[in-house]
Amino acid sequence: MQTTEVKTITLAHSPDSDDAFMFYALATNKLETGDLEFEHVLKDIQTLNEEARKGTYDVTAISFHAYAYVADRYALLPHGASIGDNYGPIVVAREGLEPSELANVTIAVPGTLTSAFLALSIHTPKFNYEVVPFDQIIEAVTEGRCDAGLLIHEGQLFYHNLGLHKVLDLGEWWHEHTGGLPLPMGGNVIRRKLGKETITEVSGLWKESIRYSLDNREDALQYAMQFARDMDPALADRFVGMWVNELTLDYGERGREAVRRLLAEGHQRGIIPHSVDVKFVD
């Protein structure tokens, strides 16, 4: 009998409930993957951004800001994006601040390659910042180590319970600034050198995995709860719903234009040193 050689694909994503929800079908062998075998690697988004610059993984979640530095090596998959439509990362503070005052305070940020940092830099070209692990930013603000914090994960939903005040919702600002575009945070990229056939196969399986989770929401959410960092099921469901939606299944032209616009403005403002040719897998 003729045997088919199995090809192992390293698949890196963050240990967050929204990513876990998307990867549910692939991670729990719900899909027939043919001659492909996926090795899942879990790392925080800042680490994934840095590893992408080294070309470490075959497929990886990545901030769109970081994509600017790996576009020659990786192509954007057309599925799996986290895009906020009139909502997004939130800047919070212990005291009431106006957005115009952000240039005068120190802000805890989750990493300089994150799209949240890029969007904030477009809004406020010069500000003082301290890089803090994303899950420690609220603590950095409440303990007074930083004046404000840039929240990119579930803290967006409960910061007010801790006595913090919203200074700026970058998704709302971006929506107004661009005349209605959503704010793209992160996507998934694949090594170009894998070749067209493998890239097409992986892209199709990735879309199937997201569709499977959306069609089997209760089961996928139950799986994702192990990555929900003490969120109750209702809050986790709300968080997943924010970042896994129809734009996740397919960017559409509106989503693709949002990615182009974010990276183009980053270049125009001198944050990204070169123009970025945004290429999606067909």
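Are tyrosine 251 and phenylalanine 280 buried or exposed? I looked them up before anything else in this predicted model. Tyrosine 251 is buried, and phenylalanine 280 is buried too.

**Entry: aromatic pairs**

I searched the whole structure for aromatic pairs and got 11. I then opened the pair of tyrosine 251 and phenylalanine 280. Their ring centres lie 4.8 Å apart and their planes stand at 70 degrees, so I logged the pair as edge-to-face. The cut-off for that label is an angle over 60 degrees.

I also checked where the two residues sit. Tyrosine 251 belongs to the loop between helix 11 (246-249) and helix 12 (252-268), while phenylalanine 280 belongs to the segment after helix 12. They are 29 residues apart in sequence, so the pair ties those parts together.

Phenylalanine 280 has a further contact. I found the charged end of arginine 256 over its ring, 4.4 Å from the centre. I noted another such case at tyrosine 69: arginine 53 lies over the face of that ring, at 4.5 Å from its centre.

Tyr24, Tyr212, Tyr223 and Phe227 form one aromatic cluster.

**Entry: strand 3**

How many residues of strand 3 are buried? I counted 5 of the 5, across residues 59-63. The strand is therefore largely enclosed by the rest of the structure.

I sorted its side chains by direction. Val59, Ala61 and Ser63 point one way. Thr60 and Ile62 point the other way. Both sets are buried.

Next I looked up the neighbours in the sheet. Strand 1 (residues 7-13) pairs with strand 3 in the parallel sense, over 2 bridges.

Threonine 60 gave me a reference point for both pairings. Alanine 12 stands opposite threonine 60. In strand 11, the bridge partner of threonine 60 is valine 189.

**Entry: salt bridges**

My count of salt bridges came to 12. I wrote up several.

Which residue does aspartate 58 meet in a salt bridge? I found arginine 191, with the closest N and O atoms 2.8 Å apart. This pair links distant parts of the chain, 133 residues apart: aspartate 58 is in the loop between helix 2 and strand 3, and arginine 191 is in strand 11. Aspartate 58 has 11% relative accessibility, so I counted it as buried. Arginine 191 has a relative accessible area of 13% and is buried.

I then turned to helix 2 (residues 45-54), which holds both lysine 54 and glutamate 51. The two are 3 residues apart, about one turn of the helix. Their side chains meet in a salt bridge at 3.4 Å, N to O. Why did I log lysine 54 as exposed? Its relative accessibility is 59%, so it counts as exposed. Glutamate 51 comes in at 17% relative accessibility, so it counts as buried.

Glutamate 143 and arginine 145 gave me another salt bridge, at 2.3 Å from N to O. Arginine 145 has a relative accessible area of 43%, so I put it down as partly exposed.

Notes
Residues numbered from 1 in each chain as written. Predicted model: local features only at pLDDT ≥ 70, side-chain atom pairs only at ≥ 80, totals over all residues. Heavy atoms only, no water. Phe/Tyr/Trp six-rings, centres within 6.5 Å; stacked < 30°, edge-to-face > 60°. Helix = DSSP H or I, 4+ residues; strand = E, 2+ residues; numbered from the N terminus. Buried < 20%, exposed > 50% of the residue type's maximum accessible area, 1.4 Å probe, protein only. Lys NZ or Arg CZ within 6 Å of the ring centre and 35° of its normal. Pairing = 2+ DSSP bridges. Salt bridge = Lys/Arg side-chain N within 4 Å of Asp/Glu carboxyl O.
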